[in-house]
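Please look over the model below before reading on.

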Amino acid sequence: CIRDRLASAQALPAGPVKMQSMQKLHQYKASAPTLDELSYQYILAGESEKALQLLAKALPFDTETQQKKLLPERVLELLKQQNPIDTAVLAKTDSWAVLAAERAELWRLTGRCDKTLTMLSGKANTASGWRSLALCQEEQNAEFALLHWQKAHQLQGQDTDAVSYTHLRAH
C-alpha cells in the first residue's frame, strides 16, 4: 500500500537514503504527500531549486491541495528566495483561489504591477495586499497610494508603513 511505503520512507533519518526512497516513491505514485515530503527533503538538503522544480511540475495544484495551503505556501516561499523570480512558475499559480496577496506581491517584485493591480484591485483584504497596491501606485498615483498605505496601516501597523505614509504626505 502506498501509505505504508510513504510512512516507511518518512521514518528514515534525513539524508541520502531517505531522499532516494522519497524520489522512488514519488516516481511510483506522485501525490500531495509525496510532493510535500520530497520537496521538504530537498529544502533540508539545501537544494531549494530542486524542490521548486519538483513542485512546479505539479502546478497548478488541485483545489484540495490549494485549500490546505502547505504546498502553495512552499512554492511561493521558494519563488520569493529566487533572484530573479521565475515568472513562468509564478504564472502557473494564476488560477489559484488562495494566497492572492502573496502572489500579487511576487508579481510586484518582478516589476509586473499590472498583474498586482488586476489581482488585488477591489479585492485587497489584508495589510500585505494593501501594501502591494500602495507600492505599485506610488509613482503614478500618490493619492491612491496614500489611501492604500492608510488601509494597510489600519489592518496591521508596521513601522515601514508609517515611514512610507509620512514620505507620501511630504510630497
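Lysine 69 is partly exposed, with a relative accessible area of 35%, where partly exposed covers the range between buried, under 20% relative accessible area, and exposed, over 50%, taken with a 1.4 Å probe on protein chains only. The model is a predicted one, in which local features need pLDDT of at least 70 and side-chain atom pairs count only at pLDDT 80 or more, while totals for chains, interfaces and linings use all residues. Residues are numbered from 1 along each chain as its sequence is written, and side-chain values use heavy atoms, with hydrogens and water left out.

**Overall make-up**

- The secondary structure of the protein comes to twelve helices and zero strands, these elements being DSSP runs numbered from the N terminus (H or I with at least four residues for helices, E with at least two for strands).
- Of the 171 residues in the protein, 37% are buried.
- Among contacts between residues at least 6 apart in sequence, 39% join residues at least 24 apart, a contact meaning heavy atoms within 4.5 Å.

**Backbone features in the loops**

- Lysine 69, which lies in the loop between H5 and H6, has a positive phi of about 65 degrees although it is not a glycine.
- Leucine 99 also has a positive phi, near 60 degrees, in a residue other than glycine; its place is in the loop between H7 and H8, and at 10% relative accessibility it counts as buried.
- The peptide bond from leucine 59 to proline 60 is cis, with omega near -10 degrees, and proline 60 sits in the loop between helix H4 (48-57) and helix H5 (63-68).
- A cis peptide bond also runs from asparagine 83 to proline 84, with omega near 5 degrees, and proline 84 is placed in the loop between H6 and H7.
- Threonine 93 is found in the loop between helix H7 (87-91) and H8, and it is buried, with a relative accessible area of 0%.
- Once neighbours within four places in sequence are left aside, threonine 93 is in contact with Leu59 and Arg103.

**Helix packing around H8**

- Two packed helices are described by the angle between their axes and the distance between the axes.
- The axes of helix H6 (residues 70-80) and H8 come within 11 Å and cross at roughly 20 degrees, the axes being lines fitted to C-alpha atoms, for helices over the stretch in contact, with angles that run from 0 to 180 degrees between N-to-C directions.
- That angle makes H6 roughly parallel to H8, given that angles under 35 degrees count as roughly parallel, over 145 as roughly antiparallel, 65 to 115 as roughly perpendicular and the rest as oblique.
- The contact of H6 with H8 is made by Leu76, Leu79 and Lys80 of H6 and by Glu102, Arg103 and Leu106 of H8.
- These residues of the contact of H6 with H8 divide into three nonpolar, no polar and three charged, where Ala, Val, Leu, Ile, Met, Phe, Trp, Tyr, Cys and Pro count as nonpolar, Asp, Glu, Lys and Arg as charged, and the others, Gly among them, as polar.
- The axes of helix H8 (residues 100-109) and helix H9 (residues 113-120) come within 7 Å and cross at roughly 160 degrees, and H8 and H9 are therefore roughly antiparallel to each other.
- On the H8 side, Ala100, Ala101, Arg103, Ala104, Trp107 and Arg108 meet Cys113, Lys115, Thr116, Met119 and Leu120 in H9, and the residues of this contact divide into seven nonpolar, one polar and three charged.

**The disulfide**

- The structure holds one disulfide, a term for a pair of cysteine sulfur atoms within 2.5 Å, and it joins cysteine 113 to cysteine 136 with an S to S distance of 2.2 Å.
- The pair links distant parts of the chain, with cysteine 113 in helix H9 and cysteine 136 in helix H10 (residues 127-137), 23 residues apart, and the C-alpha to C-alpha separation in space is 5.6 Å.
- With -85 degrees about the S-S bond, the link of cysteine 113 and cysteine 136 is left-handed.
- Cysteine 113 is partly exposed, with a relative accessible area of 23%, whereas cysteine 136 is buried, with a relative accessible area of 5%.
- Not counting residues up to four places away in sequence, cysteine 136 touches Arg108, Cys113, Thr116 and Leu117.
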